[in-house]
Amino acid sequence: MEKAYQSISISEFHLLFPDTDSCYLHLAGIKWKDGFSCTKCGHTRYSAGQGKQTRKCTKCDHQMSPTSGTVFHNVKFDLLKAFQMVYFLSTTKNGMASTELSRKVGLRQKTCWLFKRKIMTAMRSGGKHPLTGEIEVDETVVGGQESGTKGRQNVKKKLVVVAIERRKDGIARAYAQTIPNAGSKQLKPFFKSKIDMDAQIKTDKWRGYTPLKDDFPNLEQTETGKKGKNFPVMHRWIMGMKSWLRGTHHHARDLQAYLDEYCYRYNRNNMREGIFDNLMQRMMTYPPKTYAQIIVS
């Protein structure tokens, strides 16, 4: 296993989760760690319900399973295999394509792709921890080469805005988001949701950034320089992201979901313990999604 994500070893994983029953017990422990409360009437006393680790309200008889209202809801295959996919995606440095997950857990590739997308919804930033300190922002394009065009003029590629939080000579955290164009109206929501208003922000001289100075007074615009020489750390991050996308997923479809996955894993690069637990906790707080909702997201 990759050193960056130690969390629990594969042998420890098998000891903790030897069967499906242990998985249900683990989810119940997460869901009701602060005590039971009926989602229908608010009553706090329960008895055993039908189904594994299901609890039945003693007042209204409403039953709640450990998976209800979570990403694990209505999973059609063995819950143990779902846990295995969460483990591989969270602890492997570069993640896994659905084809590799299929080989690992013994399920159809399409089944793995769909559940992986559900896992990726829990990797999306909740916007609770905006970037602070020294910030750099730039845009890039992702996708196939379009002959005769470059940069923002390349309409076949997808435009992505990237913000990094600097730490000494490296990067502490980063966020990335697809945008339809680089106008200030499209850039502003990203700035407001991902960057602290008191941060020291550095961008290039693209005119789309200029109006944002009204809300971000510490925004400074400077020349990018030849081949991005004034933003070398930023451009290394972008190159790393594109290399990962090509190497692991080979395409730019469903790009935002993959950007969320990359940033989630990158921002937890120093989480030596607990990344599996962190992702499991997040999956228990994100509502379920149908196939139709996933393919249009």
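Which residues does valine 162 touch, not counting residues up to four places away in sequence? In this predicted model, valine 162 touches Glu136, Val137, Asp138, Tyr175, Ala176, Phe190, Met234, Trp237 and Ile238. The chain around it has 297 residues, and buried residues make up 45% of them. Its secondary structure comes to 10 helices and eight strands.

- The largest nonpolar core has 57 residues. Within that core, the residues with the most contacts are Phe72, Phe83, Phe115 and Trp237.
- Helix H3 provides the largest share of this core, with nine residues.
- There is also a second, separate core of 20 residues, and its members include Val137, Tyr175, Leu187 and Ala199.
- As background, nonpolar side chains in soluble globular proteins tend to be buried together.

**Valine 162 in its strand**

- Valine 162 is found in strand S5, which covers residues 158-167.
- Is valine 162 buried or exposed? Its relative accessibility is 0%, so valine 162 counts as buried.
- Leucine 259 lies 97 residues from valine 162 along the chain, and the C-alpha atoms of the two are separated by 10.0 Å.

**Helix H2 against helix H3**

- Helix H2 (residues 20-31) and helix H3 (residues 79-91) have axes that come within 8 Å and cross at roughly 65°. That angle makes H2 roughly perpendicular to H3.
- The H2 and H3 crossing is left-handed.
- On the H2 side, Thr20, Cys23, Tyr24, His26 and Leu27 take part in the contact, meeting Leu79, Leu80 and Phe83 in H3. Sorted by class, the residues of this contact are six nonpolar, two polar and no charged.
- Phenylalanine 83 touches Cys23, His26 and Leu27, among others. Leaving out residues up to four places away in sequence, its contacts also include Phe13, Phe17, Phe72, Phe276 and Met280.

**Phenylalanine 88, also in H3**

- Phenylalanine 88 is found in helix H3. With a relative accessible area of 14%, phenylalanine 88 is buried, because the cut-off for buried is under 20%.
- Setting aside neighbours within four places in sequence, phenylalanine 88 is in contact with Ile10, Met96, Leu101, Lys104 and Val105.

**Helix H4 against helix H5**

- Helix H4 (residues 98-105) packs on helix H5 (residues 109-121) at an angle of about 110°, and their axes are 8 Å apart. H4 and H5 are therefore roughly perpendicular to each other.
- H4 and H5 make a right-handed crossing.
- In H4, the residues Ser98, Thr99, Leu101, Ser102 and Val105 meet Gln109, Cys112, Trp113 and Lys116 in H5. The contact has four nonpolar, four polar and one charged residues.
- Leu101 and Val105 take part in this contact, and phenylalanine 88 is in contact with both.

**Helix H7 against helix H8**

- The axes of helix H7 (residues 232-249) and helix H8 (residues 255-267) come within 11 Å, crossing at roughly 115°. This crossing is right-handed.
- H7 contributes Trp237, Gly240, Met241, Trp244, Leu245 and His249, which meet Leu255, Tyr258, Leu259, Glu261, Tyr262, Cys263, Arg265 and Tyr266 in H8. By class, this contact has 10 nonpolar, two polar and two charged residues.

**Positive phi in two loops**

- Most residues other than glycine have a negative phi.
- Aspartate 61 has a positive phi of about 70° although it is not a glycine. Aspartate 61 lies in the loop between strand S2 (55-57) and strand S3 (63-64).
- Asparagine 74, also not a glycine, has a positive phi of about 65°. Asparagine 74 lies in the loop between S3 and H3, and at a relative accessible area of 48% it is partly exposed.

Note on methods:
Residues numbered from 1 in each chain as written. Predicted model: local features only at pLDDT ≥ 70, side-chain atom pairs only at ≥ 80, totals over all residues. Heavy atoms only, no water. Axes fitted to C-alpha atoms, helices over the stretch in contact; angles between N-to-C directions. Helix = DSSP H or I, 4+ residues; strand = E, 2+ residues; numbered from the N terminus. Parallel < 35°, antiparallel > 145°, perpendicular 65-115°, else oblique. Left-handed = near helix turned anticlockwise from the far one by under 90°. Contact = heavy atoms within 4.5 Å. Nonpolar A, V, L, I, M, F, W, Y, C, P; charged D, E, K, R; others polar. Core = buried A, V, L, I, M, F, W, Y, C linked by side-chain atoms within 4.5 Å. Buried < 20%, exposed > 50% of the residue type's maximum accessible area, 1.4 Å probe, protein only.
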